[in-house]
Amino acid sequence: MENKRIKAAFVVLHYKAVEDTKECIKSILDNVDAQDVHIIVVDNHSPDNSGEVLCDEYKDNNFVTVIKNEKNLGFSNGNNIGYKYAKYTLNAEYIILCNNDILLFQKN
């Protein structure tokens, strides 16, 4: 995927609230053309195994990447991990940082 330019990358910082994160991902996939976007979920070292749950849930989804931090880096640095992946690995034209409790309801 390194050579392909992604139109937009969504960075979703995750910590423990696995159902919120799944709903956020679903709302993005349901309302944005999946061919043009990628979702990066950054698990900020959740102590409840929810990062592993997300890894298992999305392991076969080509539009979602889950990154598990080895320690909790806080809000800003956790987002920076996803931002750097979007910018340098995916070469995203646009990068959207969002909390895991954000839901998209419209396609525009």
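## Basis of the description

In this predicted model, local features need pLDDT of at least 70 and side-chain atom pairs count only at pLDDT 80 or more, while totals for chains, interfaces and linings use all residues. Residues are numbered from 1 along each chain as its sequence is written, and side-chain values use heavy atoms, with hydrogens and water left out.

Helices (H or I, at least four residues) and strands (E, at least two) are DSSP runs, numbered from the N terminus.

The buried residues of helix 1 are Val 18, Thr 21, Lys 22, Cys 24, Ile 25, Ser 27, Ile 28 and Asn 31. Here buried means under 20% relative accessible area, exposed over 50%, and partly exposed in between (1.4 Å probe, protein chains only). Their cover includes strand 1 (8-14), strand 2 (37-43), helix 2 (50-58), strand 3 (64-68) and strand 4 (94-99).

## Nonpolar cores

A nonpolar core is a set of buried Ala, Val, Leu, Ile, Met, Phe, Trp, Tyr and Cys residues joined through side-chain atoms within 4.5 Å. The largest has 15 residues, of which Val 12, Ile 39, Val 41 and Val 64 touch the most other members. At least two residues of this core come from each of strand 1, helix 1, strand 2, helix 2 and strand 3, and helix 1 gives the most, with 4 residues.

Beyond its neighbours within four places in sequence, Val 41 has contacts (heavy atoms within 4.5 Å) that include Val 12, Ile 25, Leu 54 and Val 64. A second, separate core holds 10 residues, among them Ala 9, Val 11, Ile 67 and Leu 90.

## Salt bridges

The structure contains 5 salt bridges, each a side-chain nitrogen of Lys or Arg within 4 Å of a carboxyl oxygen of Asp or Glu. Glu 19, Lys 22 and Glu 57 form a network of them. Lys 22 pairs with Glu 19 at 3.9 Å, N to O, and with Glu 57 at 3.5 Å, N to O. The latter pair links helix 1 to helix 2, 35 residues apart.

Within helix 1, Asp 30 and Lys 26 lie 4 residues apart, about one turn of the helix, and their closest N and O atoms are 2.5 Å apart. Asp 30 counts as partly exposed because its relative accessibility is 39%, whereas Lys 26 is exposed at 51%.
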